[in-house]
Amino acid sequence: MIISQLEIIEQGQLYLNTVSKKNYTQIVQPNFISSAGTHMRHIIDHYLAVMSGIENKLINYDLRMRGGQIELSPELAIAKLNEIANWIQGMSEDKLNQVITLATEVSVTNKNIQKLQTSVARELVFVGSHATHHYAMIAQITFAQKNALQATELPQDFGLAPATATFLRQCNEQSTDAKSKNKLLSVIN
């Protein structure tokens with residue numbers, strides 16, 4: 001659990017170490033309504049909600065730092081991700097298994113806040129999956145920027161869900177096995 005969370009954080013750090021401030025803050029219109037920086041801040045907000053939630057005994061993802069400097073500065077986002085990674089590294093098994101209350105709005109038509117019991121580990125699984133989803137959005141923004149000759153290259157697995165990465169590895173292994181089998185058959189024949 002800890003290692004997988006650190007891998008997710010590392011993806012963000014790698015991106016932030018390569019992106020220009022211009023590309024980080026650019027809103028590629030008309031395809032997108034937010035910048036890569038906005039998505040990164042949103043990812044960070046969710047991790048911070050878990051961190052503060054443990055202290056407050058209540059996780060609330062709806063309390064966010066919308067706007068602000070993290071959306072404008074890859075360096076500040078890196079610093080925050082480093083802080084989050086250090087916090088994750090310090091997690092104990094007891095802390096991961098801690099039961100905690102989650103509060104979240106569940107309606108788009110009226111204010112309806114529901115509270116339920118969860119665990120810190122479950123919420124880390126959620127924020128990791130949530131981060132991956134937003135990395136995929138950042139990848140799309142980057143591809144749009146690349147088409148405009150402004151973007152840097154992203155790692156091939158950036159924004160891929162773990163199950164998708166496994167599926168692609170298996171497809172690649174099957175393809176490699178099939179190629180080897182065909183090559184062997186051509187030598188035999």
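A: Start with H1 and H4, which are roughly antiparallel to each other. This is a predicted model. The axes of H1 (residues 2-18) and H4 (residues 74-89) come within 10 Å. They cross at roughly 170°, and an angle over 145 degrees counts as roughly antiparallel. The crossing of H1 and H4 is left-handed.

Now the residues of that contact. H1 brings Ile2, Gln5, Leu6, Ile9, Gly12, Gln13, Leu16 and Asn17. From H4 come Pro74, Ala77, Ile78, Leu81, Asn82, Ile84, Ala85, Ile88 and Gln89. By class, the contact of H1 with H4 holds eleven nonpolar and six polar residues, with no charged ones.

Next, H1 against H3. Helix H3 covers residues 36-56. The axes of H1 and H3 come within 12 Å and cross at roughly 155°. H1 and H3 are therefore roughly antiparallel to each other as well. Their crossing is left-handed. On the H1 side, the contact uses Gln5, Ile8, Ile9, Gly12, Tyr15 and Leu16. On the H3 side, Ala36, Met40 and Tyr47 meet them. Seven residues of the contact of H1 with H3 are nonpolar, two are polar and none is charged.

H3 contributes Met40, Ile44, Tyr47, Leu48, Val50, Met51 and Ile54. H4 answers with Ala77, Lys80, Leu81, Glu83, Ile84, Trp87 and Ile88. The contact of H3 with H4 divides into twelve nonpolar residues, no polar ones and two charged ones.

In soluble globular proteins, nonpolar side chains tend to be buried together. The largest nonpolar core here has 39 residues. Tyr15, Met40, Tyr47, Val50 and Leu124 touch the most other members. H1, H3, H4, strand E2 and helix H6 (120-147) each supply at least two residues of this core. H3 gives the largest share, nine residues.

Leaving out residues up to four places away in sequence, Leu124 touches Met1, Gln5, Tyr47, Val50, Trp87, Met91 and Leu96.

Two loop residues complete the picture. Ser20 is in the loop between H1 and helix H2 (21-25). Its relative accessibility is 31%, so Ser20 counts as partly exposed. Ser20 and Pro74 are 54 residues apart in sequence, yet their C-alpha atoms are 7.9 Å apart in space.

Gln98 is in the loop between helix H5 (93-96) and strand E2 (99-105). Gln98 counts as buried because its relative accessibility is 18%, and the cut-off is under 20%. Apart from neighbours within four places in sequence, Gln98 is in contact with Ile54, Thr118, Ser119 and Val120.

Terms used. Residues numbered from 1 in each chain as written. Predicted model: local features only at pLDDT ≥ 70, side-chain atom pairs only at ≥ 80, totals over all residues. Heavy atoms only, no water. Axes fitted to C-alpha atoms, helices over the stretch in contact; angles between N-to-C directions. Helix = DSSP H or I, 4+ residues; strand = E, 2+ residues; numbered from the N terminus. Parallel < 35°, antiparallel > 145°, perpendicular 65-115°, else oblique. Left-handed = near helix turned anticlockwise from the far one by under 90°. Contact = heavy atoms within 4.5 Å. Nonpolar A, V, L, I, M, F, W, Y, C, P; charged D, E, K, R; others polar. Buried < 20%, exposed > 50% of the residue type's maximum accessible area, 1.4 Å probe, protein only. Core = buried A, V, L, I, M, F, W, Y, C linked by side-chain atoms within 4.5 Å.
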